[in-house]
Amino acid sequence: MSIDGGGLLLQAPAHYKFDDDVPMVVVTQRTAADELYRAGARAAGAITLGLMGLIGFFLLYRSREAFSSAGWRFFTEQRWSPPNAFGIAALLVGTIVIAVVALVVAFPIAAGTALYITEYAPLRVRRPLTSLVDLLAAIPSLIYGIWGAAVLSGRVANVSRFFADHFSWVRLPALQLSFWHWYRPFQTVSNAGFTASSMLAGIVVALMVLPICTAIMREVFSQAPQGERESALALGGTRWGVIRDVVLPFGKGGMIGGAMLGLGRALGETIAVAIIISPKFDIHSLLQPLQTGGNSIAAHIALRWPEQSAGGVPTSSLMAAGLVLFVMTLAVNMVASLVVARSRSGSATEI
Amino acid sequence: MTIDLRFDEPIVYPPDPDIPEELVAIVHTTRDEIVTWIAAAVGSLAATWLVYERLTPLSGGFGFLVFWWALFNVLTWYLARVQWGAVRAHDQVVRVWITSAAAIALIPLIAVIVSIATKGYHALSWRFLTRDMSSTSSSAPISQGGIGHAILGTLEIVGLATVISVPLGVITAVYLNEVGGRMARPVRMLTDAMSAVPSIVCGLFIYATLIQPGYVHLSGWAGALALSILMLPTVTRTTEVVLRLVPGGLREASFALGATDWRTTRSVVLPTARSGLVTSAILGVARVIGETAPLLLTIFGAFTFAGNPFGDRQEALPHFIYGQYQQSQGPGTPADLRMWSAALVLLFLVLFVFVTARFPTSRGYVFAGTATALFCLWRFESTSAAIGAPITLTLIAVSAMAVALAKRARRRSHSSKGVLV
C-alpha cells in the first residue's frame, strides 16, 4: 500500500524489548512539497519580522535629514516651522496629555464593564454585551471624530466651563487656569475658551481604547480561579468581597497590561484627534486640557502633510515625528504584552 | 385492549448521587434588593429636583443626572445599611457602580449610531450613491454629485489589501501554529506589536519606501499596500486562535495515517478551520475599512470614477468624508450634508461587515439583507419606483442566495467535524 504524499518509518530503539515501556520513534520522511511548505511558512513569518524592521529603518533613513538639520534641539524645541526651527517637545507633551485624559476616562469604565460582564451579568446577556463592546471598536475613528466635533463638543465645553468656573481654586495642574478665583455661582463665561480642547479629544480617544481595555480585563477576570470564588462565597463573602479579594488581586497584571495596551492605542490615534483639536505648540498651555487647543504627533502629521512639498526638510521632519511615535508606541506595547503574558501564565496566582 | 395512560402515582426516580439535587444560584437578585433600588431611585429623584433645581442656582440636564446618580448611591447605601448592615451596603453600592460603568460604555455606541443615522439619511438618495463629484463643486447643492466613485475606490482598495494580507496572514499563522521553530516567539511578539503600530505610521512607511523613490505613484494601489500592513496582524492573530482550536487528535490521526506535514495542514487543519478563516478575513476588513490616516498620505483623492487602482488617483469613503469635513462651512451646508451621508454609508458598511463576522451563520445575512431591503424600500420608493424596485428585488435575491450558501457551508463544516472528531 502506498500512501500519497509521504512515507512513514517506525524505528524500534536499539535493544528494544517488548516488555519495555519505551515509546517507538516515529520518523516521517519529508517530501519536496513538504520542504517547500515549511520554507514558505518560514518566509511568511520572516516577512512579518522584516516588515517591522523595515518600518523602523526607512523612517530613520528618511528622517536623517531632519535630525542633521535640527540636532538634539529636535527634542527640546516647541515650535514647528521647518526648515528653520522645529521640534517635538510640544507635540510629545500634547500627545501624552490626550492619552492620559483618555486613560483616566476609559480605565474605570473598562474595569467596571469587564467586571459587570464576568461577575454580574446574567449568562444570556454576556455574549451580546461582549459583542456590543467589540462593536465599539469596529466603528471607524473618523466617525468618532466627526461625532465628537459636532455633537459632543458643546456638552464637554459646558462641563469644562463648569469646572473652570467653580473648581479653579483646586490647584491641580490639570485644572489650572490663567486666572484665580473662588466659587462664583453666577459666573457666566462663554464656551468659546473651552472648545476643541485636549479634554474633548481625550474623551473621544477614550471611546476608542475602551474596547481593548475591556477585552483584556474581561479575559483576565474570567480566568480567576472558580474554586477561590466559591470558597469566598462559602465563607459568607458578598460579591464585592469576592471581587476585592479574589478577582482583583488575580487580575491586577491584566488590568495594568490592558491599560497600557490602551495607552499604546491612545498615543497613536490620528484622525479623530486631527478633526477635534485646534493645534497649538506651547507646553504651558498644552498642560491645561480644559482650554481650547491641543496637539498630538499623529494628528500633527495628518494636518501638516498637505503643506509639505515632496522631499526636503519639511517631509523629513514629519518622518522624524513619525519615527518618535513609532518607537514610543512600540515600547509601550512591548511592555504591556509582557505584563499581560505574565498575568496570563498564572504567575499571579498564589495557591 | 386499551392501556390506561393515567398514573395516579408520580414516577419517582432514585436520586443520582453524582448530580446535586439543586444547584446553588450565585447570581441572584432578591425582591428586597429591587424594591430598595426603586425606592432609592425615586427618593433621590425627588431630592435632586428639590435641591438641584430649586435650592441651588444650578441647572442643566447633565448636572441633574450626575447629581441624581450621586444621591442614588448615597440612598442605596443608607437603605441597604438599615436593612442588612454595613457589609451588604458596600456590596450594593459597588454593584451600582459597576452596572453604571457597563451602561456608560454602551451610551456612546448608541449615541454615535443614532446621530449619524439621523443626520445622514436626509441627503441620502440613489443618485447620491451612484454619481461622482467630477462636475460638482463642494458648495453645490446636495442634489448634485455623489459618492459613487468613493464607494468604488473603497471596495477596490480594501479588496486589494485583503488579497495581499489574508494569504500572508494565514500562512504566518500556519507557521506559528503548525511549523514552529526558533523564529516563532519573536514573530508572535512582533505581530502583537504590529497590531499597535499607529495607522499614520503605515502611511508614512509606504510613502517613504515606495512613493518617495518613485516606485509607486499616489494611487489606490499605494493605499491598499498601507492598509494591508494594518490588516496583517489582525488576520494573523485571529487565524492563529482559530488554528489552535483545531483538536490535536486530528493532526495525530493524520500523521498516524502516514500523511506529511503539508498534507496534514492542507487536508485536515485548514478545512477544519474553514469558517474561522473566513471570520478572520472579515475581521481584517473591518479593521481597515474605515481607516483614513494612511490613505491621506497615499491615495491623494479624486473627483471622478477611477477604476484602475494601479494607475489612477482614487477616492475612498473615509478620505472623502475627511475632505468634506475640511470644506464644510458649518452645519447644514452641502459639504456638511455630504459628510454625514457618506459617514452613514461607511457606518452601514462597517456594521454589515461586523455582523457578518460575528454571526457567520445565516442569521447575519438575513439581518443585513432584510435591513438593506427595508431601507431601500423606504428610502427609494418615493424617488423612483422604476429604479428602486428592481434593486430591492435583486438585493433580496442576493441575500437569499447568501443564506443558501451560508447554510451549505455550515452543513459541510458540521459534517466534516462530525466525521473527524
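Visitor: How many residue pairs are in polar contact across the interface of chain A and chain B?
Guide: In this predicted model, with both residues at pLDDT 80 or more, there are 10. Each pair has N or O atoms within 3.5 Å, one able to donate a hydrogen and the other to accept it; residues adjacent in sequence count only if both atoms are side-chain atoms.

Visitor: Why do D261(B) and R38(A) get called a salt bridge?
Guide: Their side chains meet at 2.5 Å, N to O. The rule asks for a side-chain nitrogen of Lys or Arg within 4 Å of a carboxyl oxygen of Asp or Glu, so the pair qualifies. That's one salt bridge for the interface of chain A and chain B.

Visitor: What makes up the side of chain A that touches chain B, by class?
Guide: You get 59 nonpolar, 22 polar and 10 charged residues. Asp, Glu, Lys and Arg count as charged, Ala, Val, Leu, Ile, Met, Phe, Trp, Tyr, Cys and Pro as nonpolar, and the others, Gly among them, as polar.

Visitor: How much area is buried between chain A and chain B?
Guide: About 7700 Å², with carbon and sulfur atoms giving 78%. Buried area is the accessible area (1.4 Å probe) lost when the two parts are put together, summed over both.

Visitor: Which residues of chain B line the largest cavity?
Guide: T154(B), I157(B), V158(B), L227(B), V288(B), I289(B), L295(B), A316(B) and P318(B). By class, that lining has eight nonpolar, one polar and no charged residues.

Definitions and conventions
Residues are numbered from 1 along each chain as its sequence is written. Chains are lettered from A and ligands numbered from 1 in the order in which they are written. This is a predicted model: local features need pLDDT of at least 70, side-chain atom pairs count only at pLDDT 80 or more; totals for chains, interfaces and linings use all residues. Side-chain values use heavy atoms; hydrogens and water are left out. On a 1 Å grid over the protein atoms alone, a cavity is a set of points where a 1.4 Å probe fits but cannot get out, and a pocket is an open set with protein on both sides within 12 Å along at least five of seven lines; lining residues have an atom within 4 Å of a point.
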